[in-house]
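Biologist: I am new to this structure and would like a close look at one part of it. Please take me through it step by step.

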Amino acid sequence: MKVLKLTVAALVASAAFAGAAAARDQIQVAGSSTVLPYAKIVAETFGETFPDFKTPVVESGGSSAGLKEFCKGVGEDTIDIANSSRKIKDSEIEACKAAGVTEIQEIKIGYDGIVFATDAGNADLALKPEQLYKALAAEVVVDGKLVANPYKKWSEIDASLPDAEIAAYIPGEKHGTREVFEEKILAHGCKDAGAVDVIKAAISDEKAAAKKCVAVRKDGLAVDIDGDYTETLARIASNKSGIGVFGLSFYENNADKLKVATVNGIVPSTETIASGEYPVSRPLFFYVKKAHLGVVPGLKEYVEFFVDDQMIGPDSPLAEYGLVAAPDAEREEIRKAFAAGNLL
Amino acid sequence: MTDLASPAVMVSSRSAENRRDIGIKRRYAAERRFRAYGISAIAIGLFFLAVLLWSVVSKGYTAFQQTTITLPIEFSEKVIDPKNERATDPKRLQTVNYPVLVRDALVKQLGIDPKKRPLVKQASDMVSDSVRTQLRDIVVADPSVIGKTIPVTLLADANIDSAFKGQIDLKVAESKRKVKDQQVAWMNELAEAGVLKKSFNTGIFSFGASSRPEAAGVGVALVGSAYMMLIVLVLSLPIGVAASIYLEEFAPKNRLTDLIEVNINNLAAVPSIVYGLLGLAVFVNFAGMPRSAALVGGFVLTLMTLPTIIIATRAALKAVPPSIRSAALGLGASKMQTIFHHVLPLAMPGILTGTIIGLAHALGETAPLLLIGMVAFVVDYPGSPLEPSTALPVQIYMWANEAERAFVERTSGAIIILLIFLVFMNLGAILLRRRFERRW
């Protein structure tokens, strides 16, 4: 009973303290699940390298959710850093401003490749954006007319592709990866397939036309994966002829189970992505509140540690995990911009 | 079963032929069919339970073993403290490049030419990166080890661990897997020498979250879950019991109490994520409580558990026969005395069972914790419920999304740990009921 009484007392006391928000001594990070593994490595190494600071807490939940949390305001009870697998949107900057987060520093940490892979037992696969567009778009152009996607097998699109039913596991709409997939694959494929003109002729509104280009078929052949890459991997394990979309780092960790497809004849690797030869890549960012620098202990050190070459350089643990390091000059630029306190 | 067969025999006997047909045969057949349905329903249930348990246990039991490498580490003064500054500057010991010590020991053990850099790199990749902190802690705790050579048991890298457990298909081309042929050869060599071996993995219980599978554990999650369960128990039991005693024994039966009852039943069925949204809005945003804290998690789970406890408690109170109440009242006890001296003790087993089941439910909940920031990577142990922590099911969820192969077994391992906790809680509920249950 005594223990019970003590705990009640402690709870009441702690609840009272919580309202006053005791000074926070731990960096809080939230955001993209793509950036999460990298942020975890940095946070852990940071905690080990700087024993005076606590290891930062990294939440996952997606870029948008993270940025929303980030834009809640300034102060102890808001997060310090938002990880994002896409650039912050203007509307989000506006929301930030409205809540008092006026000074945001953008930090690019490197690039992430997006790869197409199928089960390791399949034959080599060479894809082009045009073929992917034809396989996955809601409506394609046949004989100069826009019709609902008639293709059921890959071989119907191109004889070089396997004679298997189309089954593609693509990131769901809540993922930042989906946006890259639409922009770099579907929009390009739409253009290459010559569908842009037909769509433009049919729809005068430019925005609606662009949307039409990246609309994905809903007849079950293209499956949105709202979970993470592990779910995509499980889908491919059960449907060997399926094609899944993965991050390069995830693929590299599971290279024994997957066979990666070339896009435009280029094999995805950190080298081809860094050089820009491989077309489907995107920059990864995190955003930090300038007002919290110097207030939250260790925040400045954490950011500096993150952008150091021992973390995001070509021989760093992040690169080993699958991050594509930015070119030397760009990394130098990133460090300079942070030191100078450049704002968005 | 023999009782069932004998009437059927009677029906077909000669004396029964003259009787009018009352459908005995048909009715017994219907009963047999119904029993068969029941048995098959149970069999299907058991089958799926067995499949589930088998898949979790067969994947997860290996997580309780960890490959370790025991090496004689020379705590060379040349590496740790070349200028002998540790007396004046104790912080110096924090930043030493400790992995070098392990690398040198491994190179010596395997007889590699230290000039062959790629080979040395491959060898040092065989041990976990966590050796840096491990050796640092040894040296900081006892600086007198500097200059000595002592055997230290180090964690093997997760890839070596997986390979040693046979989870990596070594027939796949070398370039496509994380473990190189040379490393496998070394691994077998070290295993033969008894340097590399599997031992019980205490780390999975004690370590916090880590990006390195071999150094990842559910320690922080266990502490977070324990904090939350304590908060849920301390808050929801008194509130829930008080609410149900009032509703059951004192409150007048009118429209208002009917409405409350309907609402409580509804709340019990509300998806848990809704409680998370509520917690975010009320506790974090409005009351300004810290994010990711077990305190807020406990509050949210309390809200979620309350309806379950209230419903169970009311049912338990209702099950106490009215004769007990009448007898107590007849002997001159007040209503209050009747309830607290007679009704409540008799209802206790039911109340406790309901509470434990509610707690078990709360223990396995992730969704409401997502929104209040508890689905997070937390390395440090929380010193109080106010500090960031995570929970056991959250750890499972986070590990399930990891890319590394070694996290697959750890995910299942964590599920086994959670299941063991749930089994114990439910066992506790059954024992309490057995011990205190009364029949009338």
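Biologist: How many helices and strands does chain A have? From there, please look closely at the side of chain A that touches chain B.

Modeller: Chain A has 16 helices and 13 strands. Keep in mind that this is a predicted model. The C-alpha atoms of chain A fill a box of roughly 75 × 55 × 45 Å along the principal axes. The chain has 344 residues, and 45% of them count as buried. Take the contacts in chain A between residues at least 6 apart in sequence: 74% of these join residues at least 24 apart.

Now to the contact between the chains. Here 36 residues of chain A meet 36 residues of chain B. On the chain A side, the elements giving two or more residues are α1 (2-20), β1 (28-31), α2 (36-49), β2 (57-59), α10 (229-238) and α11 (248-253). By class, this side has 15 nonpolar, 13 polar and eight charged residues.

Move along to the loop between β2 and α3 (63-70) of chain A, where Gly61(A) lies. Is this glycine buried or exposed? A residue counts as buried if 20 or more other C-beta atoms lie within 10 Å of its own. Gly61(A) has 21 within that distance, so it is buried. Its contacts involve both chains. Leaving out residues up to four places away in sequence, Gly61(A) touches Ala30(A) and Gly66(A), and also Leu370(B) and Val375(B).

Ala30(A) leads us to the next strands. This alanine stands opposite Ala82(A) in β3(A). The strands concerned, β1(A) and β3(A), run parallel and are joined by three bridges. Strand β3(A) covers residues 81-84. In a regular strand the side chains alternate between the two faces of the sheet. In β3(A), Ile81(A) and Asn83(A) point one way, while Ala82(A) and Ser84(A) point the other way. All four are buried.

β3(A) has a further partner, strand β13 (residues 281-289) of chain A. This pairing is antiparallel, with four bridges. Ala82(A) takes part here too, with Tyr287(A) as its bridge partner in β13(A). For scale, Gly61(A) and Lys289(A) are 228 residues apart in sequence, and their C-alpha atoms are 19 Å apart in space.

For contrast, look at another residue of chain A. Glu301(A) sits in helix α13 (residues 299-307). It has 16 C-beta neighbours inside 10 Å, so Glu301(A) counts as partly exposed. Beyond its neighbours within four places in sequence, Glu301(A) is in contact with Phe50(A) and Phe53(A). From Glu301(A) to Gly227(A) is 33 Å, C-alpha to C-alpha, and 74 residues in sequence.

Strands β6 (residues 139-142) and β7 (residues 145-148) run antiparallel, joined by four bridges. In this pair, Val140(A) stands opposite Val147(A). Two residues lie between the strands, and Asp143(A) takes a positive phi near 55°.

Helix α2 (residues 24-60) of chain B has 37 residues. At 1.5 Å a residue it should span 54 Å; its end C-alpha atoms are 53 Å apart, so the two values agree. The number of its residues that are buried is one, so α2(B) lies largely in the open.

Chain B also holds an open sheet of three strands, in the order β2-β1-β3, with antiparallel pairing. Its edge strands are β2 (149-155) and β3 (196-200), each pairing on one side only. Five bridges join β1 (residues 65-74) of chain B to β3(B). There, Gln65(B) stands opposite Phe200(B). Helix α4 (residues 99-110) of chain B packs on the sheet, touching β1 and β2, and its direction makes about 90° with that of β1(B).

Last, the nonpolar core. The largest has 195 residues. Those with the most contacts inside it include Leu186(A) from chain A, and Val102(B) and Leu392(B) from chain B. Among the residues that Leu392(B) touches are Val218(B), Leu363(B) and Leu418(B).

How values were computed
Residues are numbered from 1 along each chain as its sequence is written. Chains are lettered from A and ligands numbered from 1 in the order in which they are written. This is a predicted model: local features need pLDDT of at least 70, side-chain atom pairs count only at pLDDT 80 or more; totals for chains, interfaces and linings use all residues. Two residues are in contact if their C-beta atoms, placed from the backbone, lie within 7 Å. Ala, Val, Leu, Ile, Met, Phe, Trp, Tyr, Cys and Pro count as nonpolar, Asp, Glu, Lys and Arg as charged, and the others, Gly among them, as polar. A residue is buried if 20 or more other C-beta atoms lie within 10 Å of its own, exposed if 12 or fewer, and partly exposed in between; C-beta atoms are placed from the backbone. Two strands pair if DSSP finds at least two bridges between them. The expected span of a helix is 1.5 Å times one less than its number of residues. Axes are lines fitted to C-alpha atoms, for helices over the stretch in contact, and angles run from 0 to 180 degrees between N-to-C directions. A nonpolar core is a set of buried Ala, Val, Leu, Ile, Met, Phe, Trp, Tyr and Cys residues joined through C-beta atoms within 7 Å.
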